[in-house]
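Thanks for coming. I will go through one structure today, element by element, and take a few questions along the way.

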Amino acid sequence: MKLLPVAALLVSPAAAQSFNIDVGMNLDFFAGAPNSGYGAASGQSGTWNAFMPTFVATTLDGLDASATGVTLRSDATSTFNVFPGVMTPNDDQKLMEDFHLTPNLNTPSTWTFEGLMDGTYTVYTYASDPSIPTIRTEISVMGSVDPPQEVGAGWPGAHALGLTYARHDVTVSGGTLEVQALVVGGQLDSGVLNGFQLVFGGGNSSGINYCNAAPNSTGQTARMSATGSPVVAQNDVTIACDRMPVNAFAFFLTSQVQGFVMNPGGSAGNLCLGGQIGRFVGPGQILSTGLAGMVSLDLDLSQLPSPTGPIAVQPGDTWNFTAWFRDTGPSGATSNFGDGLSIDFL
């Protein structure tokens with residue numbers, strides 16, 4: 001019997017089919033692709049493939065730096081670096097300050113992954129020019145239940161959904177995954193694509209969506225999501241809600257009890273929580289959805305809000321989250337809610 005190296009025994013199937021890709025020129029003065037300890041928005045650390053867009057399929061390395069049979073190719077090959085650098089030299093800069101430009105105003109670039117293991121993936125697509133905040137790029141993942149998402153805001157100081165990246169869930173069948181990028185606004189007749197993270201099996205927050213949100217004034221239902229780790233000791237969970245009206249005030253709610261209440265207090269939405277509901281209304285926690293129609297919040301697991309005071313999350317706890325936001329309806333100003341997100345903590 002052939003014995004495997006210890007390192008090989010530690011590689012999970014998810015790690016073997018998850019990928020980090022830095023798209024662009026990766027010039028020496030940017031020190032190439034990000035370091036393997038960099039997790040970007042998904043929190044997924046591991047080897048970053050330095051990918052120069054090419055019509056020829058290029059084989060990708062897995063998170064553990066081992067060769068895989070998975071390839072990536074693009075139908076457009078132009079790349080660009082920001083001169084001079086507008087970001088602090090670090091891994092964020094290595095990912096964001098070099099990128100691909102889509103061909104022109106009316107033609108999307110297509111990015112094709114082949115040889116993937118069939119299953120569910122969460123796709124993070126980074127698409128922002130750090131030096132020109134007005135450039136916005138529409139990202140679509142073929143076959144995803146999630147709609148196209150617009151991305152672009154320069155460099156806001158940290159990764160944020162709708163500002164530096166799009167997030168799509170998709171089920172791959174036949175080993176092929178296709179992403180398209182199309183410019184929708186800005187100073188250039190081209191869009192921006194900085195890189196990808198493919199997370200096999202979905203995100204790493206162990207969050208499960210439940211309960212149906214009511215459509216809001218955008219015509220969509222607001223959707224909760226989370227990134228980070230469900231391990232309490234790591235205190236690393238970020239919750240988010242997108243598909244909301246732009247420039248609306250919003251804040252998050254939490255409870256250990258799920259529920260379903262239609263139109264509470266005259267709201268146009270459905271409240272997916274029950275029991276003792278805590279409100280994230282402390283300093284910096286009442287948020288604006290901005291031009292992206294989304295909000296996010298880093299949780300402090302040592303003190304989640306409740307009507308009787310802060311509560312520390314314990315391993316084995318289940319907490320549920322939603323967002324409450326201002327909206328408009330046929331009769332004027334109202335409010336609405338996102339769906340529910342349940343996280344089992346470890």
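Start with Asn 20, whose bridge partner is Trp 48 in strand E2. Please keep in mind that everything here comes from a predicted model. Strand E1, residues 19-23, pairs with E2 in the parallel sense, over four bridges.

Which sheet do these strands belong to? It is an open sheet of five strands, in the order E2-E1-E14-E8-E11, and the pairing is mixed. Its edge strands are E2, residues 48-51, and E11, residues 165-172, and each of them pairs on one side only. On average, neighbouring strands of this sheet are turned by 20° against each other, if direction is ignored.

Now to the E11 end of that order. Strand E8, residues 119-126, pairs with E11 in the antiparallel sense over eight bridges. To pick out a residue pair, Thr 125 has Ala 166 in E11 as its bridge partner. How many of the eight residues of E11 are buried? Six are, so the strand is mostly covered, with buried meaning under 20% relative accessible area.

Next, the disulfide. In general terms, a disulfide is a covalent bond between the sulfur atoms of two cysteines. This structure holds one. The partners are Cys 211 and Cys 272, with their sulfur atoms 2.0 Å apart. Where do the two cysteines sit in the chain? Cys 211 is in the loop between strand E15, residues 207-210, and strand E16, residues 223-229. Cys 272 is in strand E20, residues 270-274. The pair links distant parts of the chain, 61 residues apart.

Is this disulfide left-handed or right-handed? The torsion about the S-S bond of Cys 211 and Cys 272 is about -75°, so the disulfide is left-handed.

The two partners can also be described by their cover. Cys 211 has a relative accessible area of 23%, so it counts as partly exposed. For Cys 272 the value is 0%, so that residue is buried. Cys 241 is buried as well, with a relative accessible area of 0%.

On to backbone angles. As a general point, most residues other than glycine have a negative phi. Ala 40 has a positive value, with phi near 50°. Ala 40 lies in the loop between E1 and E2, two strands that pair with each other in the sheet we began with. Asn 235 is not a glycine either, and its phi is positive too, about 45°. Where is Asn 235? It is in the loop between E16 and strand E17, residues 236-242. Asn 235 is partly exposed, because its relative accessible area is 35%.

Two more places, and then I am done.

How far apart are Thr 318 and Ser 342? In sequence they are separated by 24 residues, and in space by 6.8 Å, taken from C-alpha to C-alpha.

Conventions:
Residues numbered from 1 in each chain as written. Predicted model: local features only at pLDDT ≥ 70, side-chain atom pairs only at ≥ 80, totals over all residues. Heavy atoms only, no water. Pairing = 2+ DSSP bridges. Axes fitted to C-alpha atoms, helices over the stretch in contact; angles between N-to-C directions. Disulfide = S-S within 2.5 Å. Buried < 20%, exposed > 50% of the residue type's maximum accessible area, 1.4 Å probe, protein only.
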